[in-house]
Amino acid sequence: MIEGREIAKAGEGLKGVLEKLYKNDDVLMSYKHLDVSVGLGWHPIVLSAAAALAGKGIAFTQIKEKWGGLRIYTSSVCTTLTEDEIWKIIGKAEDTASQTCEHCGNPGEARDMAWVKTLCDICSDNAMKLYYTTGTGQRMSTHRYSKDC
């Protein structure tokens with residue numbers, strides 16, 4: 001499994017890795033229009049779901065964080081999977097993300113800090129420090145992660 005930080009170090013975004021995974025899939029719609037906005041900690045979870053759906057007529061249309069949870073939206077054309085099989089794969093990814101820090105991939109939980117994020121203790125502390133010490137109410141970016149994790 002490719003780790004989120006390895007993707008970042010290689011200079012490839014999650015979209016680039018998804019394009020490679022699906023490069024031979026005729027159903028694939030152009031990923032240049034794919035909306036991906038999740039932290040590095042969730043990249044391996046998304047890639048695991050993508051690998052399970054690759055070659056089965058499923059294309060991602062949006063991958064995002066909402067209310068501290070992972071949301072994966074898809075479209076299908078001539079899929080070989082039933083709707084239940086698709087939702088089982090996506091549901092597993094979403095359930096796993098609900099217990100995984102969005103930033104570093106360590107075990108985490110939903111935290112309500114004027115916005116809901118799924119974070120580990122260290123990333124949560126860092127986000128709160130950033131929020132309260134800047135005086136601007138600045139939020140921790142979904143693409144930043146703590147070097148301490």
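Is Cys123 buried or exposed? Cys123 counts as buried, at 0% relative accessibility. Please keep in mind that this is a predicted model.

## Cysteines

A disulfide is a covalent bond between the sulfur atoms of two cysteines. In this model the count comes to 0 disulfides. Cys101 is in no disulfide, and the nearest cysteine sulfur to its own belongs to Cys104, 3.7 Å away. A disulfide needs the two sulfur atoms within 2.5 Å. Cys101 is buried as well, with a relative accessible area of 0%.

Thr100 is buried, because its relative accessible area is 11% and the cut-off for buried is under 20%.

Which residues does Thr100 contact once its neighbours within four places in sequence are left aside? They are Gly41, Trp42, Ile45, Gly105, Asn106, Gly108 and Thr118.

## Salt bridges around Lys117

The structure holds 3 salt bridges. Take the pair Glu65 and Lys117: their side chains meet in a salt bridge, at 3.8 Å from N to O. Glu65 sits in strand β2 (residues 58–66) and Lys117 in strand β5 (residues 116–119), so this pair ties together parts that are 52 residues apart in sequence.

As for burial, Lys117 has 6% relative accessibility, while Glu102 is buried with a relative accessible area of 0%.

## The Asp121–Arg111 pair

Asp121 forms a salt bridge with Arg111, and here the closest N and O atoms are 2.7 Å apart. Asp121 belongs to helix α5 (residues 121–133) and Arg111 to strand β4, so the pair ties together parts that are 10 residues apart in sequence.

How do the two partners stand, buried or exposed? Asp121 counts as exposed, at 52% relative accessibility, whereas Arg111 counts as buried, at 16%.

Terms used: Residues are numbered from 1 along each chain as its sequence is written. This is a predicted model: local features need pLDDT of at least 70, side-chain atom pairs count only at pLDDT 80 or more; totals for chains, interfaces and linings use all residues. Side-chain values use heavy atoms; hydrogens and water are left out. Buried means under 20% relative accessible area, exposed over 50%, partly exposed in between (1.4 Å probe, protein chains only). Contact means heavy atoms within 4.5 Å. A salt bridge is a side-chain nitrogen of Lys or Arg within 4 Å of a carboxyl oxygen of Asp or Glu. Helices (H or I, at least four residues) and strands (E, at least two) are DSSP runs, numbered from the N terminus.
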